[in-house]
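Work through the exercises below with the sequence and the coordinates at hand. Each task is followed by a solution in steps.

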Amino acid sequence: QVQLVESGGGLVQAGGSLRLSCAVSRSIFSAMGWYRQNPGKQRELVAAITSGGSTNYVDSVKGRFTISRDNAKNTVYLQMNSLKPADTAAYYCHLIGFSNYWGQGTQVTVSS
């Protein structure tokens with residue numbers, strides 16, 4: 001059983017920054033993703049990183065968010081800069097390719 005634990009969410013003003021962390025209970029050899037979801041809406045892939053470090057982002061966060069991973073610490077990060085109210089959501093990390101492996105989520109709220 002793999003556990004993923006997110007942290008780093010909170011309340012921030014527009015234009016501010018947050019860094020989310022996702023600690024994984026064992027070594028990561030798979031691609032990892034950060035997703036976000038608001039009530040009544042579908043979960044959206046925000047950013048993904050392969051085991052080799054290649055990254056992809058949804059257009060709305062390109063140039064503002066950066067996903068990274070520290071394999072020695074079994075941790076994936078999401079650095080979020082220039083935050084906008086539209087970024088408000090619960091953010092989840094996910095072990096891509098393993099449908100059951102999701103974190104519990106961390107709330108990000110951006111005030112205008």
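**Exercise 1: the start of the chain**

V2 is buried, with a relative accessible area of 8%; buried means under 20%, exposed over 50%, and partly exposed in between, with a 1.4 Å probe and protein chains only. This is a predicted model, in which local features need pLDDT of at least 70 and side-chain atom pairs count only at pLDDT 80 or more, while totals for chains, interfaces and linings use all residues. Residues are numbered from 1 along each chain as its sequence is written, and side-chain values use heavy atoms, with hydrogens and water left out.

Task: place V2 in the chain and find which residues V2 touches, not counting residues up to four places away in sequence.

Solution. Step 1: V2 belongs to the segment before β1; strands are DSSP runs of E of at least two residues and helices runs of H or I of at least four, numbered from the N terminus. Step 2: with sequence neighbours up to four places away set aside, V2 touches V24, S25, R26 and Y101, where contact means heavy atoms within 4.5 Å. Step 3: for a separation along the chain, take V2 and K41, which are 39 residues apart and have C-alpha atoms separated by 26 Å.

**Exercise 2: the four-stranded sheet**

Task: state the strand order of the open sheet of four strands and identify its edge strands.

Solution. Step 1: the order is β1-β3-β8-β7, with antiparallel pairing; two strands pair if DSSP finds at least two bridges between them. Step 2: β1 (4-7) and β7 are the edge strands, each pairing on one side only. Step 3: neighbouring strands here are turned by 15° against each other on average, direction ignored; the axes are lines fitted to C-alpha atoms, for helices over the stretch in contact, and angles run from 0 to 180 degrees between N-to-C directions. Step 4: β1 and β3 are antiparallel and share four bridges, and V5 stands opposite A23 in β3. Step 5: β7 and β8 (residues 75-80) are antiparallel and joined by six bridges, with I67 opposite L78 in β8.

**Exercise 3: strand β7 and its hairpin**

Task: sort the residues of β7 (residues 65-70) by face, then describe N74 in the hairpin of β7 and β8.

Solution. Step 1: F65, I67 and R69 form the covered face of β7, and T66, S68 and D70 the uncovered one. Step 2: the hairpin has four residues between its strands, and N74 takes a positive phi near 55° there, although N74 is not a glycine. Step 3: N74 counts as buried, at 15% relative accessibility. S82 is not a glycine and has a positive phi near 50°; at 40% relative accessibility, S82 counts as partly exposed.

**Exercise 4: the disulfide and the core**

Task: which cysteines are joined by a disulfide, and which residues have the most contacts inside the largest nonpolar core?

Solution. Step 1: C22 and C93 form a disulfide, S to S 2.0 Å, the criterion being a pair of cysteine sulfur atoms within 2.5 Å. Step 2: C22 lies in strand β3 and C93 in strand β9 (residues 89-95), so the link ties together parts 71 residues apart in sequence. Step 3: both C22 and C93 are buried. Step 4: the largest nonpolar core has 27 residues, and M32, W34, L78, M80 and Y91 have the most contacts inside it; such a core is a set of buried Ala, Val, Leu, Ile, Met, Phe, Trp, Tyr and Cys residues joined through side-chain atoms within 4.5 Å. Step 5: elements giving two or more residues to this core include β3, β4 and β9.
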